[in-house]
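Here is a short report on a structure with more than one part to look at. Have the sequence and the model side by side while you read.

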Amino acid sequence: MNFIFDYYNYWIVVFLMMAGFYIVISAGNLVKKVVGLSIFQTSVFMLYISMGKVSGGTAPIVAEGVTQYSNPLPHVLILTAIVVGVATTAVGLSLIVRIKRAYGTVEENEFEDKDDAI
Amino acid sequence: MLEQNLAALPIILPLIAAPIIIILGRSSLAWAFATFVSGLACLVAWELLASVLSNGVLSYAVGGWSAPWGIELRIDAANAFVLLVVASVSTLVLIYSKQSIEKEIDPSRHTLFYTAHLLCLAGLSGILITGDAFNLFVFLEISSLATYTLVSLASDRRCLTAAFRYLVMGTIGATFILIGVGMLYMKTGTLNMLDLAQRIHLYDSSRTINTGLAFIMVGVSIKLALFPLHMWLPPAYTHAPSAVSAFLASTATKVAVYVMIRFIFTIFGADHVFNEMSMGAILMVLAVVAVFKGSYMAAVQSNVKSVLAHSSVAQIGYMILGVSLFSAAGLMAGLIHIFNHALMKGALFMAVGAVFYRMGSVDIKAFRGLGKQMPFTMAAFTIAGLSIIGVPLTVGFVSKWYLVVAALEQNHWIIAALVLAGSLLAVVYIGRILEAAYFNEPEEGQKTVKEVSWLMLAPMWILVLANIYFGVDTSLTTDAAQRASEMLFQNSQEINALMESLHGTEVSVAQEVSP
């Protein structure tokens with residue numbers, strides 16, 4: 001049981017990662033694919049954020065009487081990655097808008113049929 | 001001042017110029033400015049290569065924060081070489097694109113095209129010269145996001161689905177790299193590449209490090225479109241505007257190959273990757289399959305851009321094959337092919353774009369009788385096509401020669417034979433197009449067309465002449481590639497020496513071991 005509870009943050013990461021990955025692969029709806037992609041990326045954010053935790057450490061703000069701090073660097077890194085993730089989602093969604101205009105659908109199998117007809 | 005900050009300029013110049021282009025508004029003004037900036041970046045890259053070849057490695061601390069805490073830009077023979085390729089191809093493609101995009105991109109989006117192109121250039125330059133593993137991920141995403149936009153600019157609606165598929169695959173690849181870098185950071189507490197290289201071997205057999213390696217290798221393989229992770233590439237290059245295909249085919253995947261080389265040789269150490277993790281065997285098999293699958297698919301396509309896209313998958317196979325041989329000669333062959341393939345694929349896509357400009361189609365039927373109607377374009381296509389096949393006096397021959405020599409050096413007779421057999425398949429797919437152009441009469445009712453203007457021909461022919469020049473006089477390319485591959489192997493051996501002193505065990509010298 002300890003194996004599960006001691007590493008619970010990693011279990012959450014793995015679960016989210018696989019769930020997101022599965023959605024990306026299995027979903028036929030493009031919006032769902034983007035949702036899956038976001039969940040997939042979020043799992044990696046969790047991985048980074050949880051690795052910055054130092055046992056017994058507090059928030060990395062200088063204060064009196066505190067000697068041990070958590071590592072702030074992974075948080076800063078992931079701030080950048082979140083921005084990248086938002087940008088990716090934005091580009092993905094705007095592509096979907098244009099696909100909807102061009103094909104009239106956002107279901108993957110439907111627009112593939114339409115292109116074959118040309 | 002300028003001298004000191006030279007290392008940062010390849011990123012800064014296009015990054016600052018990109019938003020200015022949106023303000024400029026007018027399409028022709030934007031074109032002139034973008035070409036000017038890209039030309040400047042090219043000059044800087046040339047200057048950097050010269051400086052690196054004479055004075056050795058150049059290190060630059062971004063914002064004055066010294067490594068390993070701050071982000072380090074680190075320029076050595078390997079990345080200065082690839083940087084020059086990227087910047088020169090970008091400039092030539094921009095000159096070419098002025099007319100080419102008239103037919104392929106909606107006029108209201110012309111300035112956006114130049115903006116996205118420069119952002120992509122900034123991202124690619126950043127990937128090349130950064131010495132920080134996390135920073136590499138950020139630049140990778142900058143260039144990728146610009147790439148998705150570029151692909152989706154074409155007026156054919158199929159480019160949208162191609163761009164979306166590319167976005168999904170590309171994001172998964174980049175996220176895999178992010179996971180891998182995170183695992184390295186967990187164990188070593190550093191992100192600077194050199195610092196990583198020194199510390200990784202304290203935890204040599206750690207499962208975390210090896211899992212990180214696996215994530216990074218898979219992520220990079222998606223980015224460079226190694227079989228079987230190449231499915232995004234053919235539709236993206238087929239449906240993108242021709243100028244974009246020419247730029248991406250000759251730079252984006254090459255930069256990803258460089259990233260793989262960097263991770264293998266500088267960070268993890270070739271000995272660890274190839275001998276202990278036996279990645280060499282995996283990469284070699286995948287590379288050979290890529291060569292044959294890519295060439296076969298290219299031979300059965302009727303869309304000529306699709307032929308070239310599938311052929312790119314095959315050519316990436318050759319590069320990875322060179323890397324997977326795990327010898328200085330093999331690595332050198334891979335690096336030379338990065339340069340040479342940029343020359344030939346750039347010229348081929350430009351020629352096809354010129355045909356599209358006149359004919360409005362890139363189907364193989366549209367090529368019938370073009371040998372007479374567009375003699376200069378088709379001559380360019382022919383020479384670049386012969387270069388893909390590997391005919392002597394072209395750069396393609398030089399790459400194949402070094403690759404075969406490197407394979408024979410390690411007694412891989414079968415690999416050498418397979419490389420040559422792959423060239424035969426290239427004869428088939430290039431030959432079909434040449435046959436249509438020179439030996440078939442145009443279909444009845446097909447319009448007769450004129451040659452395109454010099455603005456499209458000039459950049460195309462510069463690449464074609466470079467194909468011949470570097471095929472005859474190989475001293476510059478082989479010199480630079482040799483210096484780069486020796487340096488990378490030296491990196492690897494330093495890591496080995498470090499391990500030896502740490503573990504007190506004997507580790508064989510990398511070059512003498514066959515995978």
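## Chain B: overall build

Chain B has 20 helices and 2 strands. The model is a predicted one. Along its principal axes, the C-alpha trace of chain B spans about 80 × 55 × 40 Å.

How does the radius of gyration of chain B agree with that of a compact globule? A compact globule of 515 residues would have a value near 24 Å, and chain B has 22 Å, so the two agree. Of the 515 residues of chain B, 63% count as buried. Take the contacts in chain B with a separation of 6 or more: residues 24 or more positions apart account for 79% of them.

## Chain A: overall build

Chain A comes to 5 helices and 0 strands. Read along the sequence, its pattern is α-α-α-α-α. The C-alpha atoms of chain A fill a box of roughly 70 × 35 × 15 Å along the principal axes.

A compact globule of 118 residues would have a radius of gyration near 13 Å, but chain A has 20 Å. In chain A, 25% of the 118 residues count as buried. Among its contacts between residues at least 6 apart in sequence, 43% join residues at least 24 apart.

## Where the chains touch

The contact takes 22 residues from chain B and 25 residues from chain A. On the chain B side, the elements that give two or more residues are helix H5 (133–151) and helix H6 (158–188). H6(B) gives the most to this side, with 14 residues. By class, the side of chain B that touches chain A has 13 nonpolar, 6 polar and 3 charged residues.

## The nonpolar core

The largest nonpolar core has 231 residues. Those with the most contacts inside it are B:Phe81, B:Ala163, B:Ala347, B:Ala351 and B:Met460. Helix H14 (residues 328–359) of chain B gives the most to this core, with 20 residues.

What does B:Ala163 touch, not counting residues up to four places away in sequence? One of its partners is in chain A: A:Leu95.

## Helix H1 of chain B

Helix H1 of chain B covers residues 9–24. At 1.5 Å a residue, its 16 residues should span 22 Å. The end C-alpha atoms are 22 Å apart, so the span agrees. H1(B) bends by about 30° at B:Ala18, and a proline, B:Pro19, follows within four residues. Just after H1(B), B:Gly25 takes a positive phi of about 80°.

Which residues of H1(B) are buried? They are B:Pro10, B:Ile11, B:Leu13, B:Pro14, B:Ala17, B:Ala18 and B:Ile21. An α-helix has 3.6 residues a turn, so residues three or four places apart point the same way. The buried residues of H1(B) pack against helix H2 (27–55), helix H3 (77–104) and helix H4 (110–129) of chain B.

## A serine in helix H10

B:Ser250 lies in helix H10 (residues 242–268) of chain B. Is B:Ser250 buried or exposed? B:Ser250 counts as buried because it has 30 C-beta neighbours inside 10 Å, and the cut-off for buried is 20 or more.

Leaving aside neighbours within four places in sequence, B:Ser250 is in contact with B:Val89, B:His341, B:Ala342, B:Lys345 and B:Gly346. The C-alpha atoms of B:Ser250 and B:Asn5 are separated by 28 Å. These two residues are 245 residues apart along the chain.

Most residues other than glycine have a negative phi, and most peptide bonds are trans. A cis peptide bond joins B:Phe227 and B:Pro228, with omega about 0°. B:Pro228 is found in the loop between helix H8 (207–224) and helix H9 (233–239) of chain B. B:Ala225 has its place in the loop between H8 and H9 of chain B. Phi of B:Ala225 is near 60°, a positive value. B:Ala225 counts as buried because it has 27 C-beta neighbours inside 10 Å.

Phi of B:Asn411 is also positive, near 60°. This residue is found in the loop between helix H17 (395–409) and helix H18 (413–439) of chain B. B:Asn411 has 10 C-beta neighbours inside 10 Å, so it counts as exposed.

Note on methods: Residues numbered from 1 in each chain as written. Chains lettered and ligands numbered in written order. Predicted model: local features only at pLDDT ≥ 70, side-chain atom pairs only at ≥ 80, totals over all residues. Expected span 1.5 Å × (residues − 1). Bend = angle between axes of the 7 residues up to and from the residue. Buried ≥ 20, exposed ≤ 12 C-beta atoms within 10 Å, placed from the backbone. Contact = placed C-beta atoms within 7 Å. Core = buried A, V, L, I, M, F, W, Y, C linked by C-beta atoms within 7 Å. Rg over C-alpha atoms; globule rule 2.2 N^0.38 Å. Nonpolar A, V, L, I, M, F, W, Y, C, P; charged D, E, K, R; others polar.
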